[in-house]
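I opened the notebook to look up a few contacts and ring pairs. My entries follow the model.

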Amino acid sequence: MQTLFYKWAGLNTPMAISPGKTMNSIFSSLLILMTLFGIVREIPSQENETEISPVDNEKVSFRNEVLPVFAKLGCNSGACHGALAGKGGFRLSLRGFDPGADYFNIVKQARGRRIELRDPAKSLLLTKPSGAVSHKGGVRFNVNSPAYKILSTWIAQGAIGPTNADLAITKVQILPGTITSRPGDRQMVKVQAIYSDGSTKDVTRWSKFTSTDETIAKVSEKGEIEVNGFGVGAITAWFDSRIAVASLTIPYANRISPEVFQETPKRNFIDARVVEQLRQLRLQPSPRCDDSTFVRRVFLDAIGILPKPDEVKEFLDDSSPDKRDKLIDALLNRPEFVDLWTYHWSDLLLINGTRLRPNAVKSFYQWVRKHVQNNTPWDRFVHEILTAQGSSLENGATNFYALHQDPQNMAENASQAFLGLSIACAKCHNHPLEKWTNDQYYAFANMFSRVRAKGWGGDGRNGDGKRTLFLATSGELIQPGSGKPQPPAPLDGVPLSFDYQGDRRVPLADWLVDRKNPYFAKAITNRVWAKFFAVGLVDPVDDLRLSNPARNAPLLEEAATFLADHDFDLKALMRVIMRSETYQRSSTAVPGNQLENRYYSRYYPKQLMAEILLDAISETTGVPTEFNQISFPGADNQKTDFYPKGTRALQLYDSAVASYFLKTFGRNQREITCECERTNESSMVQVLHIANGNTLNRKLMEKENRIGKLLESDFTDEDLIRQSYLICLAREPSRKKLDALLLMFAESKDDKRVLLEDLFWSLISSREFMFNH
């Protein structure tokens with residue numbers, strides 16, 4: 001009987017029971033015995049768990065079995081004992097990233113009160129979470145659960161701590177890794193851990209699951225997938241700081257003939273990959289857009305301005321079959337291309353007049369502009385920034401280090417900007433959503449630890465902006481948790497020795513821009529792609545973590561390879577994107593693809609970015625916007641004559657230039673390296689400003705504006721209407737609309753200028769003007 005008691009109570013030795021056992025423990029054990037002899041049919045359970053076999057003579061690993069229990073149950077989460085200050089005087093490392101510290105706090109801290117080696121059932125580690133004694137976190141498991149079994153056995157075996165001999169996890173995978181299903185289906189997945197000795201273990205029970213898109217599929221704590229929508233998604237499993245991903249494909253409920261996809265034009269690899277995914281998802285692609293739509297679209301996306309009426313007419317009158325290709329090539333070589341893409345990269349690099357003096361802002365901006373104008377390969381562009389030295393006024397790239405002045409910020413912003421990886425979470429603990437550890441974070445940041453600067457440089461208001469960047473010959477970044485530095489190393493890269501005498505940033509930059517780097521080419525490819533398609537292959541566009549996979553991974557891989565094969569020439573990438581049938585599709589939906597907005601079955605309309613929209617209003621009205629104030633935090637403005645009259649919004653050097661319009665329409669404030677800094681979402685404030693605000697209405701009332709010049713010409717009413725449409729929308733009005741407007745002009749008693757002002761207002765405030773489509 002005693003042997004049976006030990007076996008079914010989950011205890012391996014008689015030491016597990018003592019006369020001092022609490023009444024709760026005795027009651028739990030009696031329940032087990034009564035169940036054994038049929039007196040009670042089942043044990044009350046706080047959770048619906050499947051029984052597992054008792055751990056017989058195998059040693060329970062603290063690192064590989066105990067810590068995963070705490071992680072699964074949330075005991076070491078940020079809301080519980082994994083908080084920075086812990087809970088109730090008991091602290092665990094977040095999700096078990098520091099096994100040594102966790103072992104000390106569990107077994108030795110507070111005189112070892114949490115563990116009773118001679119009587120495991122009395123251990124607070126068991127009695128609190130099982131509800132035998134009061135626990136603010138509530139009941140986390142019952143005495144018959146696998147969690148209780150593992151913890152009690154570990155204690156009974158002597159509560160052995162982590163050692164260097166512990167097996168290391170080399171890989172975690174979800175089985176099956178690829179799932180095709182349909183709404184309403186349910187499926188269990190299995191998570192398997194592979195260890196350093198080649199052994200495998202089913203760790204499904206101890207894994208934490210998430211779905212990348214719950215509108216497509218949800219996943220339970222136990223790994224059961226419930227499909228509830230259409231599209232491409234993924235299920236991620238987290239186990240012991242490792243991430244595994246399984247892809248989901250849920251075809252739409254459309255019936256489309258295979259010939260549709262076979263006959264869909266495919267200009268290049270982009271079209272081949274997109275059409276293949278559309279076939280898998282049963283989504284019919286929209287047809288090609290017409291020429292008037294294309295010319296407006298490509299002007300706005302490639303160079304950020306509207307085409308002039310004569311440019312529209314010239315393109316529409318051209319009958320050559322390659323006229324779209326010729327237009328694309330011409331736009332890539334226009335000066336406005338330099339304006340737009342310098343502005344994009346200035347957003348990325350945070351060129352901001354509230355943080356740099358005007359001279360430093362100008363130096364950094366002109367450095368970027370020079371490289372865009374010269375079409376400098378992206379890898380060289382980034383390499384020069386990371387390894388910059390010298391005067392901030394003579395070498396503008398050094399201002400990257402004026403904006404980010406400590407090794408941690410340098411590392412975090414370099415990673416976010418150039419790799420699409422946010423590693424900031426790993427500063428305090430292992431990253432909860434990615435594989436990066438606290439050790440890797442400090443090893444990476446230590447690559448920047450010897451960057452130094454002379455001269456204050458000043459803030460946005462004071463100083464001349466001059467700083468001289470140089471490299472010290474010594475200095476290490478101390479990791480707070482260990483009290484010592486980590487050997488400097490790139491993420492997943494080979495560490496340098498502490499006595500490395502060269503500039504550590506050079507091998508770092510070499511590693512970062514290497515075509516073999518799994519993130520670098522994909523990060524910039526995804527950024528460029530999103531500028532043309534409104535949504536990235538990975539979304540958010542600067543979040544390339546493993547647990548946020550691309551919607552079309554083969555396409556991203558092939559596009560990144562294309563860029564690397566073309567020596568990181570961004571114009572080559574832009575050209576192949578704009579030439580693709582995917583980019584040239586109509587934004588008008590066809591039956592079956594109305595609701596999708598991720599798989600490029602059509603072109604997705606997108607609101608014009610604030611600067612492009614303001615420039616478009618200025619251009620159509622013929623009244624430039626003046627930029628004569630710098631806005632500092634605290635609503636304090638300072639006059640500036642830096643920007644002459646006629647400067648377009650896309651030619652501004654920094655985001656500190658005061659503009660109510662740009663602020664209202666979501667200008668990137670350039671405070672943090674994140675695409676989330678820019679907002680392209682419509683709002684009621686924007687609607688009210690267009691309808692009643694000063695920006696548009698004042699420009700329309702200016703006597704010397706575009707309307708005044710049209711009225712000075714000898715245009716007929718029909719000419720005026722047609723010209724208005726070409727100026728504002730880059731197209732002719734429909735015959736029906738033209739006839740209606742001609743009748744209005746003929747019958748109205750208002751001054752013709754008033755009519756034209758109203759027509760311009762209605763066209764500029766329309767969705768067609770405010771969006772690229």
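Which residues does Leu 403 touch, not counting residues up to four places away in sequence? I found Leu 349, Leu 350, Arg 355, Leu 356 and Phe 364. Contact here means heavy atoms within 4.5 Å.

**Ground rules**

I am working on a predicted model, where local features need pLDDT of at least 70, side-chain atom pairs count only at pLDDT 80 or more, and totals for chains, interfaces and linings use all residues. Residues are numbered from 1 along each chain as its sequence is written, and side-chain values use heavy atoms, with hydrogens and water left out.

**Whole chain**

I noted 30 helices and 19 strands in the protein chain. These are DSSP runs (helices H or I, at least four residues; strands E, at least two), numbered from the N terminus. The C-alpha atoms fill a box of roughly 110 × 65 × 45 Å along the principal axes. I then checked burial: 54% of the 773 residues are buried. Buried means under 20% relative accessible area, exposed over 50%, and partly exposed in between (1.4 Å probe, protein chains only). Of the contacts between residues at least 6 apart in sequence, 66% join residues at least 24 apart.

I went back to Leu 403, which sits in helix H15. Its relative accessibility is 7%, so Leu 403 counts as buried. I also took the C-alpha distance from Leu 403 to Ala 534: 29 Å, across 131 residues of sequence.

Next I looked up Leu 332, in helix H11 (residues 323-332). Leu 332 is buried because its relative accessible area is 1%. Leaving aside neighbours within four places in sequence, I listed its contacts as Phe 337, Lys 571, Met 574, Arg 575 and Met 578. Gly 89 is 243 residues from Leu 332 along the chain, and their C-alpha atoms are 62 Å apart.

**H19 against H21**

How do H19 and H21 cross? The axes of H19 (residues 520-533) and H21 (residues 570-579) come within 11 Å and cross at roughly 40°. I used axes fitted to C-alpha atoms, for helices over the stretch in contact, with angles from 0 to 180 degrees between N-to-C directions. H19 and H21 are therefore oblique to each other. The angle classes are roughly parallel under 35 degrees, roughly antiparallel over 145, roughly perpendicular from 65 to 115, and oblique for the rest.

I recorded the residues that meet: Ile 524, Thr 525, Val 528, Trp 529, Phe 532 and Phe 533 in H19, and Leu 570, Leu 573, Met 574, Ile 577 and Met 578 in H21.

**Aromatic pairs**

I counted 33 aromatic pairs. Rings of Phe, Tyr and Trp (its six-membered ring) pair if their centres lie within 6.5 Å; planes under 30 degrees apart are stacked, over 60 edge-to-face, and the rest tilted.

Tyr 401 and Phe 448 are a tilted pair, 6.4 Å centre to centre with 50° between the planes. The pair links distant parts of the chain, 47 residues apart: Tyr 401 is in helix H15 (residues 399-403), and Phe 448 is in the loop between helix H17 (438-445) and strand E12 (451-454). I found Tyr 401 and Phe 448 both buried.

Phe 642 and Tyr 643 pair edge-to-face, 5.2 Å centre to centre with 80° between the planes. Phe 642 has 31% relative accessibility, so I logged Phe 642 as partly exposed. Tyr 643 is buried, with a relative accessible area of 9%.
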